Structure formats: C-alpha cells, structure tokens
Amino acid sequence: MTDRTGTDNSKVKLGIWNGQAIVQSLEIRMLGLVLLLAVILSFSSEHFLTERNIFNILDQSVVIGIVAVGMTFVILTGGIDLSVGAVFGLTGIFLALFLQNMPIPVAIGLAVLAGAGIGLFSGVLVAVFGLAPFVVTLGVMAIGRSLSFIFSGQRSISGLPPNLDSIVYSTFLGIPANVLFLIGVYLIAWGYLTYTKGGRTIYAIGSNFEAARAAGLPTLFYSILPYMVSGALAAVAVTFSLAQVMSADPLAGNGLELDAIAAVVIGGASLYGGRGSIIGTLLGVLIMVMIRNGLNLMGVSPFWQGTAIGSIIIVALLAERVINWRSRQN
Amino acid sequence: MPAMQPYTLEHVRSAPLLTAQNVTKRFGSTRALTDTSLEMRSGEVLGLLGANGAGKSTLSRIVSGHIRPTSGILTFDGDPLELGSTRDALRVGIALVAQETSLAPDMSVLENIFLPGLATPGRLSYRDMRRNATEILAALGHDHVLPLDAEVRTLSAAQRQLVEIAKALALDARLVIFDEPTASLSAAEVDRLFDIIARLRDDDRALGFVSHRLEEIFAITDRVTILREGRVVLEDAETGSLSQNDIIRHMVGRDIGTIYSKRKMKSEGTGETVFEVRGLRSMPWVRDIGFSVRRGEILGLGGLVGAGRSEAVEAVWGLRPRQAGEILVNGKPIKIKKPVDAVRAGLGFVAEDRRAQNIVPDFNVRENLMIAQMGKNRGFGRGYGQKEARVRELLMELELPLDRMDQSLLNFSGGMQQKVIIARWLLIEPDILILDEPTKGVDIGTRSSVYRLLQAAAEDGLGVIVISSDFEELLGLAERIVVVSDGLSIADLPADGLSEDKLALIAAPRTSTARNQALLSSLVNAYGGEAFWCLLDEEQTICLARAGAELTGMRPGQALKTEETSIPRAIRCCGDDFIGEGSLQTLLTQMTDTRGHDLGWIGLTLPEGGDPPGTALIRSQIMDLNRGNEEERS
C-alpha cells in the first residue's frame, strides 16, 4: 500500500483501548485554577489550608457535587434541568414523611424512586413530545416547589430518626462517609460516560442527534435517562442534607439548580450539548465551594458573596474563551 | 519588419471589462489565493473552474466586493477599481448571483428586485418599479413565470435565482458572476438558466460561471480559467480547445484517467437478491417505490432532486413513518421501526447530509468510525475492542492516517470525512450498503477513491445502493438503475445502453408522464388496441408507459433488446404505415420537442384484420396532443 500520509501506519499504536484521553487540556487548566485559588486563599486566611477546613470544603461539596453530576448528564444531551432545586426540596419532604413510619433504607429508596419518577416525567415530555427542556423543567420546578409546601403543611418537618446521621458522620480511614460517597458517584459517572454505550450515546445525542439516531444508537431512551438520573441524584443529595440538619424544609434547595449549572459550565461543558466532562464538573464544584468558603473565612458579607462568585464565574469563562482563541490562531 | 501575424479571433476580442492582477487573499495563516489573475470581457462567458477549495468562490467574491483582497489590483473598464463593499461593486455594475441567495424572504418579488434601490433616499414609485420589473423579466423571456407580488419565501430555488438575476439587471450590471448556480436546479431549469445566460451574453455583458460540472462548462462557457489550490493553472483558454480530460487534469493536477473504471461483473445472476423493497409509501414524498439489489451488484437510484429518493431510503431506515411497504432481507420480510432494527438486519446507510446526518462533531475520528458498531452492539460497553484488526485494515485501505485518530473529524477534507463515514458502515460488515449522494461536496480527486471503495464493497458481495442526482456518476457506477420520479419508481433498467439524456427523460417529473399517459389513453379510446410510449435506439427499447389491451406484452420500465422486436423493421421499411407482426399491426410515431430533442416514440398496436385507420390522421393527432404537452411544459 502506498503511503501518502508520510506516516508508517503499521507502527502507530491504534489504541482502541486507550479510550478518551482522560485528562484533556481544558481539565488541566481547570486543575491549575483550583490550585491557584487554593494558594491565593491560603495566603488570605490562615484557616484555609487546615485539615479541618479542607474536610469542611469537601463536606460542603457533597450536596452541590451530587446534584451537578445529574446536571452534567442533562447538559451533555443539550438539555437543562431547572427543576433540581425543587425536586431536592420535594423529595426531602417525601423522605421526612416516609421516615416517620418506615425503616431508613426503604424510605431513602422510595424518595430516590420519587426523584427518578419526576425526572421520567420531564424526560418524556422533552424526548417524546419534543417540548423545550427549559420550559418543561421550569414548569416542574414550579409544581415541585408548590407540592413541597402542600405536603409539608408549610412548615419544616423535624423529629427524624436519630441514627440517620450515621450516613454522614461515620468515617472510613478517617474520611467521612458522605465525602466517600461523593467520590464514588464521580468515579461511577466518569466510567459510565467514558466507557459505556449509554455514556457515549449521551454525548452523541448532544453533539448531533440526527447522526446518533441514524447510526442506530438508542437515542430515545438516552434522551430520557439523564433527567431520571438528575431527579434521582437530587433525592440522594437531599438525603445527605437531611442527615446533617435533621429536618426537612419545604424551601430547601432554593437556587440549587443555578449553582449546579454554574459548576457544570465552569467545568467546561457546552450548554449546546456534546461537550463537557465529569472531571470538569468536579473541578467546577470545587471552585465554587472554595470561593464561597474563602470569602466566609475572610469575613466578606454574605450579601457581597453573590457579586464575587458571579464575577469570578464570568472571568473564568472569559479567560477560557481567550485561551481558546489564542490556541486556535497558533 | 515584424512578421505578419495571421488574423485570428483574438484580434476582434474587445478589451477586458474587468481585470484582476496578482490578487492574493489570506485568511489568518492560510492562503486562499496566491497571485491570481483574471480577465473578463463583454459578450463572453468565462468559466471559473476548480475542485473544492481551489479558490474560485473566493476570487468571485473579491471581484464582487464581498471580501477585500490582501493584495492585488483590480481594474474595471480600464480604470483602477477599489471595492470596499458589495455596494461599491453594484454601483459600477458588478453583481454576484450567489449560491445561497441574498434575498429577503418576507418581501415581495418586486421589492426584492429593487432591494438595493430601496435604501436610497427619495420617494418610491411602485408603478415605475412594476413597469421596470416587467421589462426586465420580459428581456429574460420569463415574464409569465414570476408573480411580482408573491413573497420570495414561496418561490422555488430556480425562481429565487431568477429574482437574483433580475436584481442584477435592475442595477444594469455589466458584469454578472454566477456562483455554482445549477446546484439546486432540475435539468429543465438548467436549460432555462442557460438560455438566460446566452441572452445576457448577446446583450454584450460580461459573464462569469463558477462550477465544477464539466458538461455545463462545455455547454455554456466560451473560455475557462482553472484554479488549483489558490493559484491559476490555466488562464483564459478557449473552451472549445479543451477536452474533458484536459480540464480534469488541470483541476486535480494529475491524470486521473477515467474516474469510472467499470468493473467486470461476475457472471450475470450469480448473486441472489439480498434486499428488496416493495410498495413503499411515506407521504407526501414517497407514493409507491420498489427496488431490489443482488449480492455483488451496485444499484443506482436515479431521479431529480425532490423526486423522493432520499425520503424513500430514510423511510426504509426508520427515520420517516411508513404507511405501506414491505422490506425483505435475504427474502425474509423484516420490521424496521427505528434505525437500529435496520443495522441489526445487516444494512448500512450513509445519509445525504454529511454534516447534519452523519458526523458527530464532538467525537474524534475513532469514535465517529465506531459509532455504528456501537449502535449494533447489544452489550453495556462500547464494543470498540471487537473490531480492532478490521479497523486497522480498513484505515490502510482508505489511506487514512492512524496517528490522527484522536483528532476531530472536522479537521479533515470533505472527501476524507466521507471515507470515514463509509468505513463506519463497512466496519459492521453489512450485507447491504445504502449511500445517498456519496460524492456530494467531495472533490473530483477523492471521488474516484470513493468509487473504488464502493466497487470493492460490491466485489466483496455486498448489495450496494447508490442515490445520485449526477446521472454521469450513476451511469458510471451502477449496473442497474431504478428511476424514481414524483414518488414513484417508474423504471428498472440495466445501465448499459442508457445515456444521460435518456435518464433525464425517464426521470422527468410525473406531470409530463401523466399527460403522455393521457395521450395513450385517448389513442386507445379512439382506435382500441394498445398504445405505448417508448424510448428506442439501436440497442434498447425502453417502455415508459402503456394503455389499453395487453397485446405486445410491454410493461412500463421494461427494457427490450431492440433487435429482438420488429421495431427496426418498422422504421426501415414501412416508415409511414402500420407494420404487421403475427396477428398484430403497429404504427410508430416519433415525438420531438421544440428543440428537436428525441422524446421517444408513440406506438399504436391493433389486432390485424379490419381496416386500419388512416395513418396520417393518427399521426397528426399524436402531434397535436404532443404539442399541447410542450406548451404546458414550458
């Protein structure tokens, strides 16, 4: 065979098993940003780089981190899930009610099923009926928040079984259970999105739905699944939250969807779908939490924190875009 | 004393109306044009040729002020020309009729024709505009086909183009460049466009014609300039002095020989029918389409754009709802509800629009290659590992660099992309491969390797189905051609002995076929017996339609060897009369259109005995009916 490309094909490693390059340049830059932030914050506050504060940061990452995984799935398909905050609140109320007269594992299982069921509802409306994800999940958000008030009787539900807190406060090798769980969720999600047919189909749907469909991928199922994952993980997240505060508030999770979306987008995902990664999302979550934590340590007024976080998000995205332009020109 | 030069045509050519000298254009770090020059003269059509990416569109956009050159000099009518915008170009009288039109879809035809003038201060007189528009359209010979008050969005592609041309003439453009104007036109519309271009040339305007379709270049241009990789490789050569091979050689820079090297078919009929579609219906585009392909065979699905070919295969693929139809693989009916059913039944499908239907842009080359394999795979994993050896083999065959597997597929040329998409399906080792316009946007050099790929696939025993609007390609590639027209499969013919003209005639829209059918019926009503419409040459007789009693045994879409019929005898001996054949007698009459093109023959077959009616009377009736058709057609 003549070789026009100037390379000796027989010696090149084909690397079907190499899979996706695990670390892409974007994620390296993100990691750099996380470290840079850590350095700046540790100079700004002596309390930042302490073991206690690091666990504090990880602990604060659990809820938003778990929700952001589901949000990544949805955004990768080119959708959006505005209902996660409301689903978080509603399934929290469900869980608190279930816990009144059921064993803990059964109650948690049912709450997670409820979250997945709400996701199924949104997913079917989006994938089968072709409604816009933004509008569908906006509607579900309003319904969910309203139902949390109805089911809770407009008040917080307390009196949860005291041993519920073991899912947060037990440790393994000195690491709290909720942080281990977070790491586990990210590992599974990363493996799933990178190495399985379902995961690659989710990417393909967001990148080019028509091509994915014509190639015989099960596009309908995997257009619905991300919304179910998102709903279910919102319920998982509220379980950890309940175990810490030991009460369910109908207003819980207000604005959580925006934090999750911000983390995913900071992590490099495209809102048009097809592009993004679970590692990026994890780094995005860490950036968000670290900034908030650092501002608290520095004693910045909570009213200014929104301005600070918003500005940092915009600057980070702008820097990313500029770097992208530069590299494309070279 | 200088030697006398022979007096040639050169000497009577006018001075160039427009010249471009040493024009260079850079986009970022890439050079789209390097030191190109161009001359255009009044009363001439200059063809601007080149493969994809050769720079022909860039050059015409520079000349018409759409983009500024990085360096270089333009002159117009002897004076230096500085173009800051299209408005500058229009002011001196240079217009570009672009591929994607620059019309305002919500405004009327009239407003669009005078769109550049609408931006100037002063009162608009719709009455003057209307009068001018009517004059312009009359000059183009089309005053009756363009309703001035219709919104442009309701027009066909050909009509929009006509509005663009009228717009250029409203500004009294002295130089008009047509950038790939025929891409979305039917054969009849192309003919009409060429009439217009010829009129404009006779009106002493300078015309540019950008294209890569060779037949059109020979049909309409006086001279050609050929570009390759941003440089002029042949400047201002007389079209008549060039052969197709000369042009191709200049365009691709090497002799590619015949791009269609017809492969030797294995002995006729060895392959069994591997795939069959019967009575397919998917409204509104597909009314009744059927075709079948054998192992080792390349079947062409021909027809005009919009005939329903793409829609038919998309319906087969489960991308469109079907109202009726049977699909058989290896003789067994299969149910296809969604694409994966087709994939698992052993089919592969390269859809028409590469960017919209085939490429997953965020996937690298490897994943784009593997995606059909993943679709076929039933497991939880991606199933990439199963085919490693086959991938390596395929990439070698395709001359694809293995070390670029991790790059984005979008970094590759159109031809490379297409090869990867075809390889995607070869990888799952299908029994049947369907390709919709496989060489669309693929330059002529890569095209031949796509053809080789398809021929090799057929050699390996696949049934290959190719859809193409390019009749030359279809005839060169396919062994058999099923012609689709207006949602119906109307003919199933061996490619040998078919020509582009014949294909074009068979593929002509159903309206004319319906009228010819009416003609046949009225003949049968008047005289009884059987009437048929066929195309015939020395080798083949192709029946297009029939009516009445079944006397001759001809069926629509059927091809007979001419020598085996009594037709040659009929034409030779009894030009003006019925010819007897066994117990039958047949009268043949040739139909032609106003330009003298053969439209086929009308035959009337009656049982022998009884008094045959006066042949002159029948003939004149056929002619009258045919003339009626002609007028309605044009």
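Helices (H or I, at least four residues) and strands (E, at least two) are DSSP runs, numbered from the N terminus. Welcome to these close-ups of a predicted model, in which local features need pLDDT of at least 70, side-chain atom pairs count only at pLDDT 80 or more, and totals for chains, interfaces and linings use all residues. Residues are numbered from 1 along each chain as its sequence is written, while chains are lettered from A and ligands numbered from 1 in the order in which they are written.

**View 1. A cis peptide bond in a loop of chain B.** We start with B:Pro284, which sits in the loop between strand E11 (273–282) and strand E12 (286–294) of chain B. The peptide bond from B:Met283 to B:Pro284 is cis, with omega at about 5 degrees.

**View 2. Two aspartates of chain B with positive phi.** B:Asp172 has phi near 55 degrees, a positive value in a residue other than glycine. Look for B:Asp172 in the loop between H6 and E7 of chain B. A residue is buried if 20 or more other C-beta atoms lie within 10 Å of its own, exposed if 12 or fewer, and partly exposed in between, with C-beta atoms placed from the backbone. B:Asp172 is exposed, because 11 other C-beta atoms lie within 10 Å. For B:Asp236, phi is near 50 degrees, again positive in a residue other than glycine. B:Asp236 belongs to strand E10 of chain B and is partly exposed, with 17 other C-beta atoms within 10 Å.

**View 3. An open sheet of six strands in chain B.** The strand order is E6-E7-E8-E3-E9-E10, with mixed pairing; two strands pair if DSSP finds at least two bridges between them. Strand E6 (94–97) and strand E10 (231–238) stand at the edges with a single partner strand each, so one side of each has no neighbour in the sheet. From one strand to the next, the twist averages 15 degrees. Strand E3 (residues 45–49) and strand E9 (residues 223–228) of chain B pair in the parallel sense over four bridges, and B:Leu46 has B:Arg223 as its bridge partner in E9(B).

**View 4. Helices H3 and H4 of chain A side by side.** Helix H3 (residues 84–100) and helix H4 (residues 104–127) of chain A pack at an angle of about 150 degrees, with their axes 9 Å apart. Here axes are lines fitted to C-alpha atoms, for helices over the stretch in contact, and angles run from 0 to 180 degrees between N-to-C directions. H3(A) and H4(A) are therefore roughly antiparallel; angles under 35 degrees count as roughly parallel, over 145 as roughly antiparallel, 65 to 115 as roughly perpendicular and the rest as oblique. Among the residues that meet are A:Phe94 and A:Phe98 in H3(A) and A:Ala111 and A:Ile118 in H4(A). By class, this contact of H3(A) with H4(A) has twelve nonpolar, two polar and no charged residues. Ala, Val, Leu, Ile, Met, Phe, Trp, Tyr, Cys and Pro count as nonpolar, Asp, Glu, Lys and Arg as charged, and the others, Gly among them, as polar.

**View 5. Helix H3 meets helix H11 in chain A.** The axes of H3(A) and helix H11 (residues 256–266) of chain A come within 6 Å and cross at roughly 130 degrees. That makes H3(A) oblique to H11(A). A:Val84, A:Gly85 and A:Phe88 in H3(A) meet A:Leu256, A:Glu257 and A:Ala260 in H11(A).

**View 6. Where chain B touches chain A.** Two residues are in contact if their C-beta atoms, placed from the backbone, lie within 7 Å. In this sense, 37 residues of chain B are in contact with 30 residues of chain A. H13(B) gives the most to the side of chain B that touches chain A, with five residues. That side has 21 nonpolar, eight polar and eight charged residues. Twelve of the twelve residues of H13(B) are buried, including B:Leu369 and B:Met374. What covers these buried residues includes helix H8 (197–207) of chain A and helix H15 (414–426) of chain B.

**View 7. A:Val168 and its surroundings.** A:Val168 is part of helix H6 (residues 166–169) of chain A. With 20 C-beta neighbours inside 10 Å, A:Val168 counts as buried. Leaving aside residues up to four places away in sequence, A:Val168 touches A:Pro176, A:Ala177, A:Asn178, A:Phe240, A:Ala243 and A:Gln244.
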